[in-house]
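Have a look at the structure below, and then we can walk through a few of its features together.

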Amino acid sequence: MRHVIALDVGGTGMKAALIGAGGPPSGGGALLHRARRATGRERGPDAVVAGILEFAADLREHGARQYGEPAAAAAVAVPGIVDEAGGVAVYAANLGWRDVPLRALLAQRLGAPVALGHDVRTGGLAEGRIGAGRGADRFLFVALGTGIAGAIGVDGRVEAGAHGFAGEIGHIVVRPGGAPCPCGQRGCLERFASAAAVGEAWAAAVGDPAADAADCAKAFASGDPEAVRVWQGAVDALADGLVTALTLLDPRTLVIGGGLAEAGEALFTPLRDAVRRRVTFQKLPEIVPAALGDSAGCLGAGLLARDLLDTTDGMEVTP
């Protein structure tokens with residue numbers, strides 16, 4: 001059975017799948033096999049790269065054994081700065097690597113064409129094609145996690161930008177002169193509305209270093225005045241950033257995912273209200289929760305690999 005390898009590399013764990021290559025291009029393909037491994041970043045960047053290559057090779061062997069042929073293509077989604085066109089993982093602070101030619105290394109190991117993608121953009125691709133944004137010709141996917149990142153979807157693809165930085169909505173300045181951001185600016189959106197920022201603000205408010213964003217969401221839902229202050233402050237900052245993005249991009253659907261989105265309507269009800277109050281001439285998009293959870297990156301990698309088959313079938317591919 002013809003299939004592809006999909007890999008999603010995170011800071012602590014790697015998710016992988018073998019996905020059938022049949023079916024319409026807009027579909028995700030049959031999920032044939034799932035696997036997980038630790039990323040092993042404590043062993044250093046070289047060991048992480050070696051672990052990715054070994055994991056991919058094991059998946060190739062499993063596919064050949066179970067389905068009668070090795071994977072026809074593969075794709076890997078990684079965090080940090082990614083040169084998708086060049087196939088280079090440029091930089092990832094949490095993995096410690098710089099300028100890793102990951103696409104070439106994987107292609108050589110697998111003997112098959114390989115695509116390299118940015119983790120959030122790849123997850124956004126999956127949400128746009130087979131998840132919450134399915135059917136929307138223009139969508140914006142925003143992941144609210146430790147930081148905030150986005151993916152700009154246009155007609156079934158995700159825009160990387162001229163230099164690979166498209167979608168970095170977390171670094172829109174929403175509070176000029178505010179909290180310093182590691183990017184070098186002050187007042188960036190992710191310093192106020194990410195899951196990490198909400199957790200830090202709530203921990204400070206209650207004097208408990210172990211308190212996190214989920215605790216704040218629960219307290220907000222119960223009407224705790226201090227939680228209402230912290231939570232609404234984050235929602236207002238997020239709405240300010242989103243309206244800037246809506247003004248520039250005019251998406252039909254706005255898909256919100258990541259850890260903070262797990263609060264459900266505790267986030268979405270006040271967020272929809274806050275965005276609605278801020279728009280003037282802009283068209284209000286549908287604001288919906290992401291549908292694919294932590295599988296989005298892996299499923300998106302599968303889509304990248306299937307797309308790669310469309311461009312390489314009938315061609316001789318040199319790793």
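This is a predicted model: local features need pLDDT of at least 70, side-chain atom pairs count only at pLDDT 80 or more; totals for chains, interfaces and linings use all residues.

The report below covers a sheet, the helices lying across it, and one arginine.

In it, five strands make up an open sheet with mixed pairing, and their order is E11-E10-E9-E12-E13. Strand E11 (157-159) and strand E13 (286-289) are at the edges; each has a single partner strand, so one side of each is left without a neighbour in the sheet. From one strand to the next, the twist averages 30 degrees.

If you follow the chain to strand E12 (residues 253-257), you will find four bridges joining E12 to E13, and these two strands run parallel.

Helix H7 (residues 225-249) lies across strand E9 (138-144), strand E10 (148-154) and E12, and runs at about 155 degrees to E9. Helix H8 (residues 265-278) lies across E9, E12 and E13, with an angle of about 160 degrees to E13.

## A buried arginine

Now turn to helix H3 (residues 119-130), where you will find Arg129. Is Arg129 buried or exposed? Its relative accessible area is 14%, and because this is under the 20% cut-off, Arg129 counts as buried.

The side chain of Arg129 has polar partners to look for. One is the side chain of Asp307, with a polar contact at 2.6 Å. Another is the backbone oxygen of Gly156, which lies 2.8 Å from a polar atom of the Arg129 side chain.

Notes
Residues are numbered from 1 along each chain as its sequence is written. Side-chain values use heavy atoms; hydrogens and water are left out. Buried means under 20% relative accessible area, exposed over 50%, partly exposed in between (1.4 Å probe, protein chains only). A polar contact is a pair of N or O atoms within 3.5 Å; within protein, one must be able to donate a hydrogen and the other to accept it, and residues adjacent in sequence count only if both atoms are side-chain atoms. Two strands pair if DSSP finds at least two bridges between them. Axes are lines fitted to C-alpha atoms, for helices over the stretch in contact, and angles run from 0 to 180 degrees between N-to-C directions. Contact means heavy atoms within 4.5 Å.
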